Amino acid sequence: MEEKSDDDTLEPHQRDRAKESQILLWIWNVLDEINMTDYDLFLRDGSILCSLIDKIKPGSIQGKVSTNTNKDKRRNIEWFLKACGSYGVAKQMMFQPEDLLFMRHIPRVTRCLFALGKMADEDPKYDGPGIGTEPYEPVGKAGRRRGGLPLGDDIYVAHIKVDRIINMLPIEGRQRRESLQNRISLYNF
């Protein structure tokens, strides 16, 4: 009889937006670029994933990354998964190329990327930005908000530094940040 893995309990609708935000910020920091597309669309063609693993472990991707056809995109994702496997990401933490290519099961992709980030954090040869600690669940089992944070401020808590990313944003993004900082300062007593 086959042993059940985490994969058996993870459902396609169980997306963890806080973890997705944290992974996205981490990828932006590692690659030193930002993109304003959604998480799943940003990763979908596999080119970003290939760049990510190649930054973490140089030389991981052999060949030219192309995004012209679905076959090219699938190949990018397969290269990424192969490189993750050789880097040491456990097989039960991996996803299938179709999970991302057809956006069939994004939580598996998130789980794999977070596992890769944690491995990179522990790798003494990797000196890039860290992914940080796993985000906590903002709403407790009893349905109450944790940490006493104002409504909405605890939803996408990322545990990594975002100052560099904010400085890369267009000027409107920086103005929005200053506006948010002013509102947050109202809560400081």
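**Exercise 1. Locate Ile131 and state whether Ile131 is buried or exposed.**

Step 1. Ile131 lies in the loop between H6 and helix H7 (163-168); helices (H or I, at least four residues) are DSSP runs, numbered from the N terminus.

Step 2. The model is predicted: local features need pLDDT of at least 70, side-chain atom pairs count only at pLDDT 80 or more, and totals for chains, interfaces and linings use all residues. Residues are numbered from 1 along each chain as its sequence is written, and side-chain values use heavy atoms, with hydrogens and water left out.

Step 3. Buried means under 20% relative accessible area, exposed over 50%, and partly exposed in between (1.4 Å probe, protein chains only). Ile131 has a relative accessible area of 0%, so Ile131 is buried.

Step 4. Ile27 is 104 residues from Ile131 in sequence, while their C-alpha atoms are 8.5 Å apart in space.

**Exercise 2. Check the span of helix H6 (residues 106-122).**

Step 1. The expected span is 1.5 Å times one less than the number of residues.

Step 2. As for cover, 13 of the 17 residues of H6 are buried.

**Exercise 3. How many disulfides does the whole structure hold?**

Step 1. A disulfide is a pair of cysteine sulfur atoms within 2.5 Å.

Step 2. The search of the whole structure finds 0 disulfides.

Step 3. For Cys50, the nearest cysteine sulfur is that of Cys84, 9.5 Å away. For Cys84, the nearest is that of Cys112, at 4.5 Å.

Step 4. Cys50 has 2% relative accessibility and so counts as buried; Cys84, at 0%, is buried.

How values were computed
Helices (H or I, at least four residues) and strands (E, at least two) are DSSP runs, numbered from the N terminus.
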